[in-house]
Amino acid sequence: DDSRILQFQITLYGVDERLVMARDITRLHRLEQMRRDFVANVSHELRTPLTVLAGYLETYSDMADQLPPRLSRGLSQMQAQTDRMQNLVNDLLLLSRLEIDQGGRDDGPLDMAALLEAVRRDAAALSDGRHVITVECEDPRALVGSEQEIRSALSNLAFNAVRYAGEGRHIVLRWRLRGDGACLEVQDDGEGIDPVHLPRLTERFYRVDKGRSTETGGTGLGLAIVKHVLLRHDARLQIDSRPGRGATFRCVFPAGRLREIQSAQRA
Ligand code: ADP
């Protein structure tokens, strides 16, 4: 039709050969758009019934002590699974929003020390004393971005460190200089990740160990969310890990995303 905008993917194969390939990717683009809309709509529609279910289960759990043990066990199983479904639906919705929206509307200079501390507290609650979690805020500059999105990315990385690093280990949440940019990183000294998995780690539902991930309560979407948040902030994710030697997840931001904070403002 007339309004159709053709999108071409052009690949150049070596200058000497002078061969140019052009492929019409309009259809591909439309299919991708349909997939995104479908996932967003389904997740949205699932939200209400799940909220109703969770509400009833909550009411019944108040009466759990009056129920026979078998029923009360079943009830807590239903609650746990409803919780999981709600987390999954919320993550799917968040991911769709990140893909569909252009972003940048609620960008502002972030108080990095406060952000790191807030995430440290949430991660410590999840860890329940099994890890020593510390914060290092070395770069005095502020990151200009969406507080909600950056917090969600950092929480995902910190929660993963708690879930996959194993017992009694150290986790560091750090904001530091890197080149002329800066880097937000989460470092653990846990089991690490085999390099063969690294290229696929940010794919939706990709897991190193399927069985364990279900048990740990992750949705399989955490790193996909991190990747999309970073794309919207001109940043990239670097994963550095060796089996048995821990893992470091680095979010690398360019200098253009940083702002000097006056000392009066900081105080
Ligand atoms: P989920 O945690 O819900 O499974 P993610 O996308 O957050 O999904 O993570 C994908 C996989 O990457 C996890 O299943 C886990 O196997 C691996 N992973 C993530 N963070 C770490 C870490 N700090 N140490 C070891 N493995 C990790």
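This briefing describes the fold, the ligand shell, the nonpolar core and selected residues of one structure.

The model is predicted: local features need pLDDT of at least 70 and side-chain atom pairs count only at pLDDT 80 or more, whereas totals for chains, interfaces and linings use all residues. Residues are numbered from 1 along each chain as its sequence is written, and side-chain values use heavy atoms, with hydrogens and water left out. The chain contains seven helices and ten strands; helices (H or I, at least four residues) and strands (E, at least two) are DSSP runs numbered from the N terminus.

**Overall fold**

- Of the chain's 267 residues, 36% count as buried, where buried means under 20% relative accessible area, exposed over 50%, and partly exposed in between (1.4 Å probe, protein chains only).
- Among contacts (heavy atoms within 4.5 Å) with a separation of 6 or more, 68% join residues 24 or more positions apart.
- The chain exposes about 16,400 Å², of which carbon and sulfur atoms supply 52%; accessible areas come from the Shrake-Rupley method with a 1.4 Å probe, and for residues only the protein chains shown count as cover.

**Ligand shell**

- The ligand has 17 residues around it, and Asn160, Tyr164, Asp188, Thr219 and Gly220 come nearest; a residue is near a molecule or strand if one of its heavy atoms lies within 4 Å of it.
- By class, the shell around the ligand comprises eight nonpolar, seven polar and two charged residues. In this scheme Ala, Val, Leu, Ile, Met, Phe, Trp, Tyr, Cys and Pro count as nonpolar, Asp, Glu, Lys and Arg as charged, and the others, Gly among them, as polar.
- Helix H4 (147-164) and helix H6 (222-231) each contribute at least two residues to the shell around the ligand, and H4 gives the largest share, three residues.
- An oxygen atom of the ligand lies 2.9 Å from a polar backbone atom of threonine 219.
- A backbone N or O atom of valine 208 is 3.3 Å from an oxygen atom of the ligand, and a polar backbone atom of glycine 222 is 3.5 Å from an oxygen atom of the ligand.
- On its own the ligand has 540 Å² of accessible area, and the protein covers 97% of that.

**Nonpolar core**

- The largest nonpolar core has 40 residues, and those with the most contacts inside it are Leu143, Ile150, Leu173, Trp175, Leu184 and Phe253. Such a core is a set of buried Ala, Val, Leu, Ile, Met, Phe, Trp, Tyr and Cys residues joined through side-chain atoms within 4.5 Å.
- Two or more residues of this core come from each of helix H2 (69-100), helix H3 (112-127), H4, strand E6 (170-178), strand E7 (181-188), H6 and strand E9 (247-253).
- H4 supplies the largest share of this core, seven residues.
- Not counting residues up to four places away in sequence, phenylalanine 253 touches Leu143, Ile150, Trp175, Gly181, Ala182, Leu184, Leu230, His233 and Ala235.

**Helix H6**

- Because eight of its ten residues are buried, H6 is largely enclosed by the rest of the structure.
- The buried residues of H6, including Gly222, His228 and Leu230, pack against H2, H4, strand E8 (236-241) and E9.

- Arginine 36, in helix H1 (residues 26-61), counts as buried at 19% relative accessibility. Leaving aside neighbours within four places in sequence, arginine 36 contacts Ser96, Glu99 and Ile100.
- Threonine 248, in strand E9, counts as buried at 9% relative accessibility. Leaving aside neighbours within four places in sequence, threonine 248 contacts Glu185, Val186, Gln187, Gln238, Ile239 and Asp240.

Technical notes: A polar contact is a pair of N or O atoms within 3.5 Å; within protein, one must be able to donate a hydrogen and the other to accept it, and residues adjacent in sequence count only if both atoms are side-chain atoms.
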